[in-house]
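Take a look, and then we'll go through some of its details together.

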Amino acid sequence: MAQVVAALIAATGVITAAWVGIQEVAADDGEQRPAVADQTPGRHEEEPNRGPQNSPNGHPDKSDPSDGPSKTPRLPEPPTGLVADATPTSCTVTWNAAEDTDEFAVTLDGEPVAQGPETDYTAEGLEPETTYTFSVTALNSDGDSDAATVDCTTESDTTDPSPSESLLG
């Protein structure tokens with residue numbers, strides 16, 4: 001490769017080389033000298049594939065189009081249509097999924113209780129006549145949505161205890 005470059009230089013009379021990685025170039029007198037980058041004003045604007053540039057603070061400029069397309073994060077929308085149905089000891093919460101949703105996270109009174117692709121959750125073993133707060137957040141690979149919240153009040157326990165037998169006598 002150095003011989004080809006030397007032949008080109010000898011033929012054109014050019015002493016500088018614009019290629020990165022060339023260690024030496026031959027001068028007209030045949031002597032090997034270190035390669036010199038092309039210092040031609042405006043030359044950099046003419047080189048479309050010279051790689052990422054540094055910003056004024058010395059860090060790579062992420063806006064360089066040669067870095068490839070950038071992906072804009074697409075967070076999911078919060079679940080809609082939250083509905084809570086109660087019994088004396090359970091609450092079932094259902095919701096509708098929005099686009100770009102992979103799964104949901106459910107909390108009961110601020111504590112995580114479920115995560116998965118389902119669009120419903122049932123909490124069992126609850127106390128009668130008690131209000132519970134459910135929050136549902138949509139999740140995808142870019143992050144999570146704001147939480148959608150619904151309160152669920154369990155029904156009163158209307159089961160009458162078995163009548164006691166009268167001890168009349």
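## Around Ser145

Leaving out neighbours within four places in sequence, Ser145 is in contact with Pro76, Glu77, Pro78, Pro79, Thr137 and Ala138. Keep in mind that this is a predicted model. You'll find Ser145 in the loop between β9 (143–144) and β10 (148–153).

So is Ser145 buried or exposed? Its relative accessibility is 8%, and because buried means under 20%, Ser145 counts as buried.

## Around Val136

Now hop over to strand β8, which covers residues 131–140 and holds Val136. Val136 has a relative accessibility of 0%, so it counts as buried too.

What does Val136 touch, if you skip residues up to four places away in sequence? The list is Pro79, Leu82, Trp95, Phe104, Ala105, Val106, Asp146, Ala147 and Ala148. Pro79 also turns up among the contacts of Ser145. As for Thr149, it sits 13 residues from Val136 in sequence, and the two are 6.4 Å apart in space, C-alpha to C-alpha.

## The whole chain

Zooming out, the protein chain has 1 helix and 10 strands. Read from the N terminus, the order is α-β-β-β-β-β-β-β-β-β-β.

Of the 169 residues in the chain, 21% are buried. The chain exposes about 12000 Å², with carbon and sulfur atoms supplying 50% of that. And among contacts with a separation of 6 or more, 49% are between residues 24 or more positions apart.

Key
Residues numbered from 1 in each chain as written. Predicted model: local features only at pLDDT ≥ 70, side-chain atom pairs only at ≥ 80, totals over all residues. Heavy atoms only, no water. Helix = DSSP H or I, 4+ residues; strand = E, 2+ residues; numbered from the N terminus. Buried < 20%, exposed > 50% of the residue type's maximum accessible area, 1.4 Å probe, protein only. Contact = heavy atoms within 4.5 Å. Areas by Shrake-Rupley, 256 points an atom, 1.4 Å probe, with all protein chains shown as cover.
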